[in-house]
Amino acid sequence: MKTLSISMLMMYVSFVGMFLLILAMGLIVWSRAKLRGLFGGIITFLAYFCLVAGALIILYVTFSGPTR
């Protein structure tokens, strides 16, 4: 079984961050356009959680510097 290099692992982590940002964008648009009430509030909270988590992941990957 092959192990991942640090560079490949950071690439996959950045993909997760980008996915979370895209998911947050879609959830925010959906909750603002279609949802109301408690369910809309829950989806909005989830969307902003994804936004913050994705941003922190991207910042970590960006500022961790190059890998060997």
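I take buried to mean under 20% relative accessible area, exposed over 50%, and partly exposed in between, with a 1.4 Å probe and protein chains only. Helices (H or I, at least four residues) and strands (E, at least two) are DSSP runs, numbered from the N terminus.

**Entry 1: ground rules**

I am working with a predicted model, in which local features need pLDDT of at least 70, side-chain atom pairs count only at pLDDT 80 or more, and totals for chains, interfaces and linings use all residues. Residues are numbered from 1 along each chain as its sequence is written, and side-chain values use heavy atoms, with hydrogens and water left out.

**Entry 2: overall form**

I looked up the secondary structure and found two helices and zero strands. The radius of gyration, taken over C-alpha atoms, is compared with a globule rule of 2.2 Å times the number of residues to the power 0.38. The protein has 16 Å, whereas a compact globule of 68 residues would have a value near 11 Å. Along the principal axes, I noted a box of roughly 50 × 30 × 15 Å filled by the C-alpha atoms.

I then checked the surface, using Shrake-Rupley accessible areas with a 1.4 Å probe, where for residues only the protein chains shown count as cover. The protein exposes about 5,400 Å², of which carbon and sulfur atoms supply 78%. Of the 68 residues, 24% are buried.

Contact here means heavy atoms within 4.5 Å. Among contacts with a separation of 6 or more, 66% are between residues 24 or more positions apart.

**Entry 3: helix 1**

The expected span of a helix is 1.5 Å times one less than its number of residues. Helix 1 has 28 residues and reaches 41 Å from its first C-alpha to its last, close to the expected 40 Å. I listed its buried residues as Met-10, Ser-14, Gly-17, Leu-20, Ala-24, Leu-27, Ile-28 and Ser-31. These buried residues pack against helix 2.

Leaving aside neighbours within four places in sequence, Ser-14 is in contact with Ile-58 and Val-61.

**Entry 4: helix 2 and the segment after it**

Helix 2 has 27 residues, which should span 39 Å, and its end C-alpha atoms are 39 Å apart, which agrees. Its buried residues are Gly-40, Ile-43, Ala-47, Cys-50, Ala-53, Gly-54 and Val-61. Their cover includes helix 1.

I also looked at Leu-56, which lies in helix 2. Leu-56 is exposed, because its relative accessible area is 54%. The C-alpha atoms of Leu-56 and Gly-17 are 8.0 Å apart in space, while the two residues are 39 apart in sequence.

Just after helix 2, Gly-65 takes a positive phi of about 85°. Arg-68 lies in the segment after helix 2. At 95% relative accessibility, Arg-68 is exposed. From Arg-68 to Leu-46 I read 36 Å, C-alpha to C-alpha, for a sequence separation of 22 residues.

**Entry 5: nonpolar core**

A nonpolar core is a set of buried Ala, Val, Leu, Ile, Met, Phe, Trp, Tyr and Cys residues joined through side-chain atoms within 4.5 Å. The largest one has five residues: Leu-27, Ile-28, Leu-35, Ile-43 and Ala-47. Helix 1 (6-33) and helix 2 (37-63) are the elements that give two or more residues to this core. Not counting residues up to four places away in sequence, Leu-35 touches Trp-30, Gly-40 and Ile-43.

**Entry 6: aromatic pairs**

Rings of Phe, Tyr and Trp (its six-membered ring) pair if their centres lie within 6.5 Å; planes under 30 degrees apart count as stacked, over 60 as edge-to-face and the rest as tilted. By this rule I count two aromatic pairs.

Why is the pair of Tyr-12 and Phe-15 edge-to-face? The ring planes are at 65°, with the centres 6.3 Å apart, so the pair falls in that class. Both residues lie in helix 1, three residues apart, about one turn of the helix. Tyr-12 is partly exposed at 39% relative accessible area, and Phe-15 is partly exposed at 42%.

The other pair, Trp-30 and Phe-39, is edge-to-face at 6.3 Å centre to centre, with 85° between the planes. Trp-30 is partly exposed, with a relative accessible area of 39%, and Phe-39 is partly exposed, with 46%.
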